[in-house]
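Have the sequence and the 3D view open as you read.

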Amino acid sequence: MKRWLSKNLIKIYAFLAFVYLFIPIAYTMAFSFNDAGKSNLTWRGFTFKNWQNPCGAPEVCTALGNSLKIGFIATLIATALGTMIAFALGRHRFRGRSTVNLLIFLPMATPEIVLGASLLAMFLNLGINPGFWPTVIAHVMFCISFVVVTVKARIASLDPKLEEAAMDLYATEVETFRRVTLPLVMPGIFGAALLAFSLSFDDFIITNFNSGTLTTFPKFVYISSARGIPAQANVIGSSMFLIALAIVLVGQFVSSRKNRV
Amino acid sequence: MAFVAAISKRSSTVRGIKRPSTPYLLLIPGLSWLAMFFIFPLFTLASTSTQTAPEGADTGTYVQTFRLANYIDAFVASREQFLRSIIYALIATLLALAISYPLAYAIAFKSGKWKNLLLVLVVAPFFTSFLLRTIAWKQILGNEGPVVTVLRTLHVLGPQSGLTASAFAVVTGMTYNFLPFMTLPLYASLERIDPRTLEAASDLYANGLTTFRKVTFPLSLPGVVAGTLLTFIPAAGDYINATLLGNPKTKMIGNVIESRFFEIVDYPTAAALSFMLMAAILILVMAYVRRAGTDELV
């Protein structure tokens with residue numbers, strides 16, 4: 001018994017860590033089925049009502065729509081800009097490399113509240129009102145670094161021999177990039193886009209500073225937390241969890257199938 | 001022979017096409033974005049931080065007077081929250097490390113074919129909203145929640161005392177919310193360790209503990225450094241956990257900056273505090289990275 005325990009101690013520990021990780025998720029999901037009425041604080045009975053009518057609580061879906069719109073636009077721009085920087089850093093030698101590395105690292109080492117406050121200070125100085133586009137601009141700014149780091153890691157893991165082989169087979173530089181390099185880096189770009197979207201969708205602090213009266217989903221949750229969050233917010237939170245999980249699992253399945261061939 | 005010559009000639013022209021301007025063209029759009037919306041705002045913030053309100057002006061109107069004493073005033077007024085932010089963030093980082101290291105170790109070395117699935121499960125909780133998770137903790141630890149009910153029945157807690165609205169709840173929330181930032185870099189560095197180095201250690205008569213202390217842990221150090229930084233930085237600037245799970249006595253520097261900005265409309269103090277927070281974090285990070293001896297962070 002004692003031997004078994006010491007042998008499996010780390011597995012038990014990991015299992016407990018997973019339980020800890022999933023407690024609030026289980027709670028959020030359970031309370032999405034709560035027949036809550038106005039405040040979703042105590043259990044009042046099981047119902048599918050919230051899932052059948054996720055837009056039932058006023059403003060939930062407006063907020064969700066804003067978050068999705070901001071997330072998509074910011075992800076698109078940040079992924080494009082970040083991938084270009086990652087290729088420059090991963091595939092080229094040039095002067096000023098370490099400065100670029102520092103510039104990419106700094107936004108990640110800066111607390112969100114400083115990023116949010118400084119952007120708002122600039123917008124106010126320039127006479128620009130906070131709102132939709134200032135929020136998009138802010139989200140692109142803090143997502144770029146994460147895209148660069150993710151894509152750069154993927155580029156660094158590639159075997160340079162594959163590209164050399166393509167060139168030896170008379171592919172031009174453009175062809176090599178389009179038919180060899182880019183497809184190999186694609187999973188990294190896709191992962192970076194997913195990361196950027198989830199960072200943008202979940203952001204509260206920077207958004208709170210730069211969105212003015214526009215409500216995003218996290219902002220809606222924050223504002224309504226004082227008087228009780230409608231169960232529909234739990235429905236949306238749970239759906240986001242399930243959708244993201246499905247995307248990641250399908251991605252894993254596809255890539256493991258590809259590796260087998 | 002001609003074939004070889006053709007290849008070498010071709011590859012030399014391919015190298016020749018590679019213009020030295022390409023990397024700069026790739027960098028310009030992204031770096032301009034960062035220059036305009038990250039670097040430039042920091043200068044605006046610096047300029048705001050030394051402004052003062054002119055006599056009899058409306059709220060929110062400030063003029064540049066280069067008053068550096070703003071920094072001293074701001075620090076004196078909120079040094080308590082400053083110190084608290086650093087301490088809470090440090091405790092949360094250490095707790096996150098204690099939870100994440102064995103977890104990352106188990107996934108990297110003990111999970112076999114379940115590795116990828118477990119890795120997904122580490123990240124998965126973080127797809128539900130950060131705020132929903134924090135509010136879930138608030139209700140789980142709340143006075144009507146299961147934890148307090150059980151603890152009160154067991155007489156661990158008195159009938160009047162609870163767990164939320166306390167420093168304990170704030171630190172718990174921070175530990176939970178930044179956990180994947182710790183686990184993923186740890187996993188990445190542990191996974192890179194060649195199992196043969198561990199075998200070599202045991203061949204040289206090192207027991208489990210010695211192997212860990214002399215081989216595994218030193219090799220995972222880059223992950224420890226990256227993970228602690230990625231946890232500490234957002235934790236120190238956070239104010240959501242303190243707002244939702246704390247009480248007026250657990251306010252952090254983020255709360256002060258936020259309320260100076262939006263409630264008191266005191267932009268100069270908010271700006272000065274933001275700068276001091278950034279400086280404090282950068283100094284701590286630099287000192288820590290230098291001690292840990294890893295330069296390549298990104």
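## Cysteines and the disulfide

A:Cys143 is buried, with a relative accessible area of 0%; here buried means under 20% relative accessible area, exposed over 50%, and partly exposed in between (1.4 Å probe, protein chains only). Keep in mind that this is a predicted model, where local features need pLDDT of at least 70, side-chain atom pairs count only at pLDDT 80 or more, and totals for chains, interfaces and linings use all residues. Residues are numbered from 1 along each chain as its sequence is written, chains are lettered from A and ligands numbered from 1 in the order in which they are written, and side-chain values use heavy atoms, leaving out hydrogens and water.

Which cysteines form a disulfide? They are A:Cys55 and A:Cys61, with sulfur atoms 1.9 Å apart; a disulfide is taken as a pair of cysteine sulfur atoms within 2.5 Å. Searching the whole structure gives one disulfide over all chains. The torsion about the S-S bond of A:Cys55 and A:Cys61 is about -90°, so this disulfide is left-handed. A:Cys55 is partly exposed at 44% relative accessible area, and A:Cys61 is also partly exposed, at 24%.

## The largest cavity

The structure holds two cavities of 30 Å³ or more. A cavity is a set of points on a 1 Å grid over the protein atoms alone where a 1.4 Å probe fits but cannot get out, and lining residues have an atom within 4 Å of a point. The volume is the space filled by probe spheres set on the points, which are joined across faces, edges and corners.

The largest cavity has a volume of about 80 Å³. Its lining includes A:Tyr27, A:Phe31 and A:Asn234, along with B:Leu132 and B:Gln139. Both α1 (2-30) of chain A and α5 (130-140) of chain B supply at least two lining residues, and α5(B) gives the largest share, four residues. Helices are DSSP runs (H or I, at least four residues), numbered from the N terminus. By class, the lining has six nonpolar, four polar and no charged residues.

## The second largest cavity

How is the lining of the second largest cavity divided by class? It has three nonpolar, five polar and one charged residues. Ala, Val, Leu, Ile, Met, Phe, Trp, Tyr, Cys and Pro count as nonpolar, Asp, Glu, Lys and Arg as charged, and the others, Gly among them, as polar.

This cavity has a volume of about 30 Å³. Among its lining residues are A:Ser67, A:His139, A:Phe201 and A:Asp203. Two or more lining residues come from each of α3 (60-91) and α8 (173-202) of chain A.

Key: On a 1 Å grid over the protein atoms alone, a cavity is a set of points where a 1.4 Å probe fits but cannot get out, and a pocket is an open set with protein on both sides within 12 Å along at least five of seven lines; lining residues have an atom within 4 Å of a point.
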